[in-house]
Amino acid sequence: MFIAVLATAAVVVLSRALAARLGVPDAILLVVLGAAIAFLPGVPEIELPPEVVLIGFLPPLVYYAAFFSAPREAKADAVPITALAIGLTTVTTFTVAAVLRWVLPDLGWAAAIALGAAVAPTDPVAAISIMKRLDAPVRIVTIIEGENLVNDAVALTAFVLAVEALTTHFTVGHGIARLAVVVAGGVAYGLAVGFIASRLRRRIRDPGSQIIVSLLTPYLAFVPADELGFSGVLATVCAGFYLGTRGEGLFQPASRLPGQLFWEVLVFLLESALFVLLGLEIRVIVRELTGAAWPSAVLGAAAVTAVIVALRLTWTQFIFPLSRYMPGRHIAFDHLPWRDRLAIGWSGMRGAISLAIVLSLPVSAPGLPQGRRGERLFVTGAVVFITLIGCASTLPGLLRRLGLAESDRVRIEYQEARKGVVEAALARLDELIENGEVDDRTGRTFRQLYEDLLDRIRTGFGEDIDKEVTDPLGLRRELVRTQREKLRRLYSRGKISAEVLRAVDRWLDLEDPDIREVG
């Protein structure tokens, strides 16, 4: 384990440096370098226990995605997100299972569905980073992020039921009943954990304790729910979503900055570690794949990759538009142009979640062919690797050719949001001076500071106000509070996106005197 940790750390650092120079996704280099290290003399075979992956990696990854979701945008595009996350994920799971049954005849239906569930959910990390860098339309980004949040829960629920079917006798009626219990129980338990955690975190002021509680939350949602027979993933998603929609009231400004940095680093390390571990397990895969098993493994990987890519493109171009005719009143849903649908269809990379699912599959079970774990790991790893190389490397060119690489949209929206909150602070300052709550001298000083800041924002050079100005009346705290209220109103009215909301919120955190007092 110590060697695995050292190897993972070395590969992550080297991959980050090379990826920046070569312009390729980190994940590709992580797998390649991990495999290279695995074959170095003296490096032992590394095989991670499935329980470690299931409990150690999945809860924080799923929780992070749910916590930082965009609820307003997701609600507005609930129909296309549902069509992709539930419809396409379910169809992909069973289609891939049928293909695997054809390629690997000795694979039972339960095991085939489990593997189908492993490769069904998409990983938007590479796609979203590319789209944000090229400033693609925010609606495409929102749909892909919303799809990823829900399809993880759908795929993992199917995976849990399939693994259960490996060891117990399953009938259709029993499966439907278990699905209802797993889903309803997971949602209810997750909301309960989120509610209790929100009440607890409001009472904690220490930033370190806040971060520790936030780290424990996904495990308190996942593990007990799983032990109770519910969906641990759905419980974690619901807890994260519940807390994320109330994030501004749960973390004090002094906790938000270090808390977000902690989670960004943690998720980056976990996702990187999964790719490296896949590479480190290459030796085990090669050893377990006998000469006779290689053709079926290669054929299975090629067939599954072709099916999931073709199925996603077909779904987004022909099936997906039909979702607008679903019954019910659709909030802010209109027809997506074919260019947008093509970009969404080509953003179906697989990644860390797929690796975590397949690595958590039991090494042996009554319904699993003995000695064939190498095939299962090879097929999933190849699908992840091929989709990353094929889609991530060509997505920037596709977006530019389709005319979806818009320039300066986020920057302009960010600048307008900052201008709006500073203007709100100036209006509040005038109100305080008029009411006699602030003396003229202090009022003039702060008015000059904020007017200078507003001028710099208008010219594109605005950063901070002067933090050295004395503030005996706590005026800066009141003005920051006013700016936060204005920021929430801009978001609730649809003037800014969730991305800009968080960016301006981070800037206001730096202006908040509470952070400097804690520091």
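The legends below describe close-up views of a predicted model.

**View 1. The salt bridge between E147 and R312.** In this view E147 forms a salt bridge with R312, and the closest N and O atoms are 2.8 Å apart. Because E147 belongs to helix α9 and R312 to helix α16 (residues 293-319), the pair ties together parts that lie 165 residues apart in sequence. E147 counts as buried, at 2% relative accessibility, and R312 likewise counts as buried, at 4%.

**View 2. The surroundings of S347.** S347 is found in the loop between α17 (338-345) and α18 (352-359), and with a relative accessibility of 1% it counts as buried. Leaving aside residues up to four places away in sequence, S347 touches A127, M131, I144, R312 and L395. Of these neighbours, R312 is the salt-bridge partner of E147, while M131 and L395 are among the residues with the most contacts inside the largest nonpolar core.

**View 3. The nonpolar cores.** The largest nonpolar core has 104 residues, and those with the most contacts inside it include L100, L274, F275, V304 and L399. Helix α9 (residues 138-167) contributes the largest share of this core, 11 residues. Another core, of 26 residues, lies apart from it and has L429, L475, V500 and L508 among its members.

**View 4. The salt bridge between R428 and E431.** The side chains of R428 and E431 meet in a salt bridge with an N to O distance of 2.9 Å. Both residues lie in helix α20 (residues 409-434), where they are 3 residues apart, about one turn of the helix. E431 counts as partly exposed, at 40% relative accessibility.

**View 5. The salt bridge between R481 and E485.** Here the side chains of R481 and E485 meet in a salt bridge, at 2.3 Å from N to O. The two residues are 4 residues apart in helix α22 (residues 475-492), so about one helical turn separates them. R481 counts as partly exposed, at 36% relative accessibility, and E485 is also partly exposed, at 37%.

**View 6. R201 and its contact with Y63.** R201 has its place in helix α10 (residues 172-202), and it is buried, with a relative accessible area of 0%. Its side chain makes a polar contact of 3.3 Å with the side chain of Y63.

View 7. F39, V286, W294 and V298 make a nonpolar surface patch of about 340 Å².

Technical notes
Residues are numbered from 1 along each chain as its sequence is written. This is a predicted model: local features need pLDDT of at least 70, side-chain atom pairs count only at pLDDT 80 or more; totals for chains, interfaces and linings use all residues. Side-chain values use heavy atoms; hydrogens and water are left out. Buried means under 20% relative accessible area, exposed over 50%, partly exposed in between (1.4 Å probe, protein chains only). A polar contact is a pair of N or O atoms within 3.5 Å; within protein, one must be able to donate a hydrogen and the other to accept it, and residues adjacent in sequence count only if both atoms are side-chain atoms. A nonpolar core is a set of buried Ala, Val, Leu, Ile, Met, Phe, Trp, Tyr and Cys residues joined through side-chain atoms within 4.5 Å. Patches are made of residues with over 30% relative accessible area and no salt bridge: like charges are joined within 9 Å, nonpolar side chains (Val, Leu, Ile, Met, Phe, Trp, Tyr) within 5 Å. Accessible areas come from the Shrake-Rupley method with a 1.4 Å probe; for residues, only the protein chains shown count as cover. A salt bridge is a side-chain nitrogen of Lys or Arg within 4 Å of a carboxyl oxygen of Asp or Glu. Contact means heavy atoms within 4.5 Å.
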